[in-house]
Every structure is written in C-alpha cells, then in structure tokens.
Amino acid sequence: MNQKQKAEQFSKLHVKGNPVLLYNAWDAGSAKAILDAGAKAIATSSWSVAEAQGYRDGEALPIALLEHVAGRIAATIDAPVTIDFEGGYSEDESKLAENVSRLIDLGIVGINFEDRIVKGKGLYAADRQARRIAAIRTAAEKKGIDLFINARTDVFFQDGDPAKFIDDALERADAYEAAGASGLFIPGLVDAALIERICDGASLPVNVMVMEGVPGNKRLAKLGVARISYGPIPYVQVMKALGKEARDVHA
C-alpha cells in the first residue's frame, strides 16, 4: 500500500460499535511484533516512546529523536502508522505545521494531538486549539494526505466530577471537528454512562484509552466507541517481564 491508501484504510477502521484495537508500540521492533500478532494498524504512546529512549513524557524527548523513531516504524512495517505527537512541539501554528509535515514525509498517516498547553499548565481554549488543528489539516492537505487527526482533550484529567466536564468535551468535539479533526480522544474518562454520552453526543469517532476502571472492550463497543488504545500498558508489561527475567538470571 502507498501512503494515501494507508491513510484511507486507517480512517475506515474507525467504526462506531466495532472499534479498532491499538496495542501501542514504542519502536520498530515492538511495532513489528504487534503487527505480526494481528494488528491492523500501529499506534505509538508518547509516554512509552519517551521512556524507551530515557526521557520523561511531556515533549522532553527531542523532536528529532521522535521523528527518527517514527520514521523507523513507518519504514519497517506495511500498515498504517499513527504517532502520539502530544502538543506538536510548538505553540506557533506555522512551526506546528512544519513539524507535522515532516512526520507526513516519513510516512505517518495519523497523529494524536492534545489540547494541553505545550510546556505549560491547563488546556488551550477550544477556539485556540481549533486553530491549531486547522493549521495541521492545511499542512496535511498540502501534502495530499488525509491525515487522521485524533483530537485529544484532557478535560477528564482535571480535578472534580467527570460529569461536569461532559458539556465542555462535547463543545470541544464540535469545534475540533469543524477545524478538521478526524477523531475525538478522551483519556481519563472511565465511567460507562459518561463514555456513552460522549459517543452519542459527538459525531467524531471516539477513542477510549484502557486504564484502571475502564469497561472491557466488548462493553466499550456497545457504548459506541470506535477506537480503543492501550497507552503505556504494553511497555510497562514488557518491562516488568524483562525485569523479572533479568532478576532470575542474576539471582
């Protein structure tokens, strides 16, 4: 498949009620293992990629190193690849567009793009984040690739009852979709009834991240979820297994 075909295929995998499963990778080797296990696409976790290279999450990983990892994954496997790009490594929209353009040149067909302020605290206002998404969409169109922009909102990582953030999340979903987003990512939300409200209220396909308290995959499918990702779980599990084997060797 060429890159355009991979982008089209990846978009089609997002079906409400029949979610695509993304067991997140952190390098070319883990991506190949996941693909060989039956995955239909590969997604990275920013936390895992950073940890695997000795950095902390939060754009501490140099962008050049992120691009190297992304490029090696895209060059190694014949499947759609989406990269967790956090806040895009810039507050400047023109620089943001340049950063995304380089990822597209590497063969990437999707990104996670979050509304947490780059190197700051809190979230961007919905209209500001919408302009950032629009800049990415324009850059992708110039490259001729229908980039899957998975618009992540971190409203559910704020303190307080998650139910009080539902309206904000749905308003952001509308604004982000109008700006060119392809999907809505709602990490931190675990309550089944609230997840269903988001799936019913948003026209974008909804991505839920597996974490403690999140319903099982079959239940998430019934709630209307279109994408299930595993975030740092695969990396953590592999490192635990590696540590155990190493301790046995050195015992």
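How much accessible surface does the protein have, and what share of it belongs to carbon and sulfur atoms? The accessible surface comes to about 11300 Å², and 51% of it belongs to carbon and sulfur atoms. Areas follow the Shrake-Rupley method with a 1.4 Å probe.

This is a predicted model: local features need pLDDT of at least 70, side-chain atom pairs count only at pLDDT 80 or more, and totals for chains, interfaces and linings use all residues. Residues are numbered from 1 along each chain as its sequence is written, and side-chain values use heavy atoms, with hydrogens and water left out.

**Fold and dimensions**
- The protein has ten helices and eight strands (DSSP runs: helices are H or I, at least four residues; strands are E, at least two).
- The radius of gyration is 17 Å, close to the 18 Å of the globule rule for 251 residues, so the protein is as compact as a globular protein of that length. The radius is taken over C-alpha atoms, and the rule is 2.2 Å times the number of residues to the power 0.38.
- Along the principal axes, the C-alpha atoms fill a box of roughly 55 × 40 × 35 Å.

**Packing**
- Of the 251 residues, 52% are buried (under 20% relative accessible area; exposed is over 50%, partly exposed in between; 1.4 Å probe, protein chains only).
- Among contacts with a separation of 6 or more, 66% join residues 24 or more positions apart (contact: heavy atoms within 4.5 Å).

**Glu171**
- Glu171 lies in helix H7, residues 166-179.
- Glu171 counts as exposed because its relative accessibility is 52%.
- Ala126 is 45 residues from Glu171 in sequence, and their C-alpha atoms are 7.9 Å apart.
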